[in-house]
Amino acid sequence: MKLYLDTANLQEIKEIAQWGVLDGVTTNPTLISREEGDYRKILKEICDVVKGPVSGEVLSLKSDEMVAEARELSKISEHIVVKIPCTVDGLKATRILSQEGIRVNMTLIFSANQAILAAKAGASFISPFVGRLDDIANPGIEVIKDILEILNNYDFSSQLIFASVRHPEHVRQAAILGTHIVTMPYRVFSLMIKHPLTDIGIERFLNDWKKR
Ligand code: G3P
C-alpha cells in the first residue's frame, strides 16, 4: 500500500518524508494557490524531496492545450505525473500522453463509469474523490469498491488513488479493500499515529521505571 501526501506545502512534505512512510505527493490548483512562488519551482522542490510520483495538474481545458501543458510539466522531473480532469478533452489528452510515456493521474472522478474510461484511455492513476461524494450523502466507498473490482476484472494497469480523504477511517477502509494508494492531507497523517492508550502506556512505563 502506498501513502501519498495531498499538499503543496514543502514543510509538511519534508516532515512526513522524515517519518519514512511517504511514497508520493498529489497537488491540485487549490493546494498550489496556498503556496508562495512559481508553480513549476514548487513542483521541482517537491520532486527533489519525495523522489516518488508527484502529481501536478494542468489548468487548460482543451485537449491540445492540456497536452502541451503536460509535456512542459513532465520536463520538470522524472517524478512528475500529470493530473488531468475526467472530461472528453481530458480523455483525448490522456490517450496521447500515455502513448508518449507521460504518466497521467486522471482526477475529479466520481463514478465507476468515469474510471472505466480513464483506464481505457491509458491513465496510470485514477483518482476518485471519496470525501466529496460522502459530502453529498453518496457513499464514496461504494465507488472505490466498484472501481477496484473493475480494474481487477479486466487486468487494467491503472492504479487507484483513494483521494479527498477526510479522516483516518477513510485510510483504514482503503487498506481493507486493497486500494493501491491513498493520498491524504497532513492532518490525517498526524491523526493516524495518535492513540491515547499509546500515550498513557508510555507514561505508565516511565513512571514504573522511575520507582525501581
Ligand atoms: O486529491 C484530491 C483532493 O485534493 C481533494 O480533496 O479535501 O479538496 O475534497 P478535498
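Predicted model: local features only at pLDDT ≥ 70, side-chain atom pairs only at ≥ 80, totals over all residues.
1. In this note a residue is called buried when its relative accessible area is under 20%, exposed when that area is over 50%, and partly exposed in between. Glu169 is therefore partly exposed, as its relative accessible area is 35%.

2. Glu169 has a salt-bridge partner in Arg172, with a distance of 2.7 Å from N to O. Arg172 has a relative accessibility of 47%, so it too counts as partly exposed. Both Glu169 and Arg172 belong to helix α9, which covers residues 168-177, and they stand three residues apart, about one turn of the helix.

3. How many salt bridges does the model contain? The count comes to eight. Another of these joins Glu142 to Lys145, where the closest N and O atoms are 3.3 Å apart. Helix α8 holds both Glu142 and Lys145, three residues apart, which is about one turn of the helix. Glu142 is partly exposed because its relative accessible area is 39%, and Lys145 is partly exposed because its value is 37%.

4. A salt bridge is also formed by Glu45 and Lys41, with 3.8 Å between the closest N and O atoms. Both residues lie in helix α3, residues 39-50, and the spacing is four residues, again about one turn of the helix. Is Lys41 buried or exposed? Lys41 has a relative accessible area of 53% and is therefore exposed. Glu45 has a relative accessible area of 32%, so Glu45 is partly exposed.

5. The ligand site deserves attention. Which residues surround the ligand? They are Asp6, Asn28, Lys83, Phe129, Arg132, Ala163, Ser164, Arg166 and Thr183. A side-chain N or O atom of Arg132 lies 2.7 Å from an oxygen atom of the ligand. For Ser164, the distance from a side-chain N or O atom to a ligand oxygen is 2.7 Å. Arg166 likewise places a polar side-chain atom 2.7 Å from an oxygen atom of the ligand. The ligand taken alone exposes 310 Å², and the protein buries 81% of that area.

6. Ser158 is found in the loop between α8 (140-154) and β7 (159-162). With a relative accessibility of 4%, Ser158 falls under the 20% limit and so counts as buried. What surrounds Ser158, once its neighbours within four places in sequence are left aside? Ser158 is in contact with Ala119, Ala123, Ser124, Ile126, Leu151 and His180. With one of these residues, Ala123, there is a polar pairing: a polar atom of the Ser158 side chain lies 2.9 Å from the backbone oxygen of Ala123.

7. Leu61 is placed in the loop between β3 (54-57) and α4 (63-74). Its relative accessible area is 65%, over the 50% limit, and Leu61 is therefore exposed. Apart from neighbours within four places in sequence, Leu61 is in contact with Met66 and Asp89. The C-alpha atoms of Leu61 and Phe189 are separated by 32 Å, and the two residues are 128 places apart along the chain.

8. Glu15 belongs to helix α1, residues 10-19. Along the chain, Glu15 and Tyr186 are 171 residues apart, while their C-alpha atoms are separated by 9.3 Å. The side chains of Glu15 and Tyr186 are joined by a polar contact of 2.8 Å.

9. A final point concerns the surface. Which residues form a nonpolar patch there? Trp19, Val21 and Ile193 do, and together they have about 280 Å² of accessible area. Ile193 is part of helix α10, which covers residues 186-193. Ile193 is exposed because its relative accessible area is 59%, which is over 50%.

Definitions and conventions:
Residues numbered from 1 in each chain as written. Heavy atoms only, no water. Patch = residues over 30% accessible without salt bridge, like charges linked within 9 Å, V, L, I, M, F, W, Y side chains within 5 Å. Areas by Shrake-Rupley, 256 points an atom, 1.4 Å probe, with all protein chains shown as cover. Salt bridge = Lys/Arg side-chain N within 4 Å of Asp/Glu carboxyl O. Helix = DSSP H or I, 4+ residues; strand = E, 2+ residues; numbered from the N terminus. Buried < 20%, exposed > 50% of the residue type's maximum accessible area, 1.4 Å probe, protein only. Near = heavy atom within 4 Å. Polar contact = N/O pair within 3.5 Å; in protein donor to acceptor, adjacent residues only side chain to side chain. Contact = heavy atoms within 4.5 Å.
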